[in-house]
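Hi there,

Here is the structure I promised to pass on.

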Amino acid sequence: DESDVVFLSVLPQQAASVVADLNFDADRHLLVSLVATAGLAELREGSGLPKEKVLKMICLPSVARHESVCLITPDPKDFPPLAELAPMFDAIGGYVATPDEKNFSGLMISTNLMGPVYGIMRQNREWLRNTIGLSKLEASQLISKMYLGMALDANRHLDNPDRIDELIAEQTPGGLNEQALENLKRLGTLDHFDRVNTATRSRIDGESDGWIDPEKHISHL
């Protein structure tokens with residue numbers, strides 16, 4: 001109650017009761033929710049705050065080290081009371097905003113890359129252990145450093161929208177990386193990422209449970 005900005009970071013099933021237990025002052029408080037499934041309308045109703053005082057934010061844990069980006073809606077620039085939060089978001093790595101929740105669920109898919117990326121890293125680590133005989137520590141360090149190097153390369157020249165395409169084009173013609181990527185395409189691996197993203201968004205939007213049926217691609221859609 002003594003804060004000017006209140007950050008809501010609880011489990012989805014706890015959000016409504018936590019908000020109800022707080023005393024919000026419409027003239028002073030700003031509410032920033034990190035609860036992915038809590039809608040803006042629900043947050044406004046529960047807090048009694050007007051729309052220009054409520055914002056949703058999604059981010060990865062690495063934002064605590066100023067190494068990631070925040071996803072937010074609505075755009076703080078559209079509402080003067082929320083605009084004072086923009087410098088804070090800029091200071092911790094920047095932000096990408098959408099004016100409404102309609103497209104916010106699509107933006108949220110980018111945060112859904114964390115689990116799959118770690119899963120791929122583990123798969124690569126285990127291949128090195130089982131095939132090459134590296135220890136778990138050696139394989140983990142090697143894979144982590146490799147992925148870090150690739151991420152840093154992709155993070156350079158962020159003002160260039162073609163940066164990722166250029167990195168792909170830089171692969172040696174006829175080389176191992178070019179062939180590995182083509183094999184993934186032939187196996188349909190990259191298309192599966194689209195299906196996973198679509199399934200995840202359908203769960204966020206309340207259209208399905210998000211699970212994929214291997215025979216039907218997406219269940220309950």
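To start with the overall picture: what percentage of the 221 residues of the chain count as buried? The share is 28%. Please keep in mind that this is a predicted model.

**Overall build**

The chain holds 10 helices and 5 strands. Its C-alpha trace spans about 65 × 40 × 35 Å along the principal axes. If you look at contacts in the chain with a separation of 6 or more, 47% of them are between residues 24 or more positions apart. The chain exposes about 14400 Å², and 54% of that area is supplied by carbon and sulfur atoms.

**Charges and salt bridges**

On the charge side, there are 21 positive and 33 negative side chains, with the centres of the two sets lying 6 Å apart. Side chains of opposite charge can pair when their charged atoms come close. Searching the whole structure gives 7 salt bridges.

One of them joins the side chains of R28 and D4, at 3.3 Å from N to O. This pair links distant parts of the chain, 24 residues apart: R28 sits in the loop between helix 1 (12–21) and strand 2 (30–33), and D4 in the segment before strand 1 (5–8). R28 counts as partly exposed because its relative accessibility is 33%, and D4 is partly exposed as well, at 43%.

Another salt bridge brings together the side chains of E67 and R65, at 3.0 Å from N to O. Both of these residues, E67 and R65, are exposed. R201 and D205 also meet through their side chains, with an N to O distance of 3.5 Å. Here R201 has a relative accessibility of 31%, so it counts as partly exposed; D205, with a relative accessible area of 36%, is partly exposed too. Finally, R125, E126 and R129 are linked in a network of salt bridges.

**Surface patches**

You will find L184 in helix 9 (residues 176–186). L184 is partly exposed, at a relative accessible area of 35%.

**Backbone details to check**

Which two residues are joined by a cis peptide bond? They are T73 and P74, with omega at about -5°. P74 is placed in the loop between strand 4 (70–73) and helix 3 (80–83).

Two histidines also have a positive phi. H66 is not a glycine, yet its phi is about 60°; this residue lies in the loop between strand 3 (54–58) and strand 4. H66 counts as partly exposed because its relative accessibility is 49%. H157, also not a glycine, has a positive phi of about 55°. H157 is located in the loop between helix 7 (136–155) and helix 8, and at 43% relative accessibility it counts as partly exposed.

Happy to talk any of this through.

Best wishes

How values were computed:
Residues numbered from 1 in each chain as written. Predicted model: local features only at pLDDT ≥ 70, side-chain atom pairs only at ≥ 80, totals over all residues. Heavy atoms only, no water. Helix = DSSP H or I, 4+ residues; strand = E, 2+ residues; numbered from the N terminus. Buried < 20%, exposed > 50% of the residue type's maximum accessible area, 1.4 Å probe, protein only. Contact = heavy atoms within 4.5 Å. Areas by Shrake-Rupley, 256 points an atom, 1.4 Å probe, with all protein chains shown as cover. Lys, Arg positive; Asp, Glu negative; His and termini not counted. Charge placed at Lys NZ, Arg CZ, Asp CG, Glu CD. Salt bridge = Lys/Arg side-chain N within 4 Å of Asp/Glu carboxyl O.
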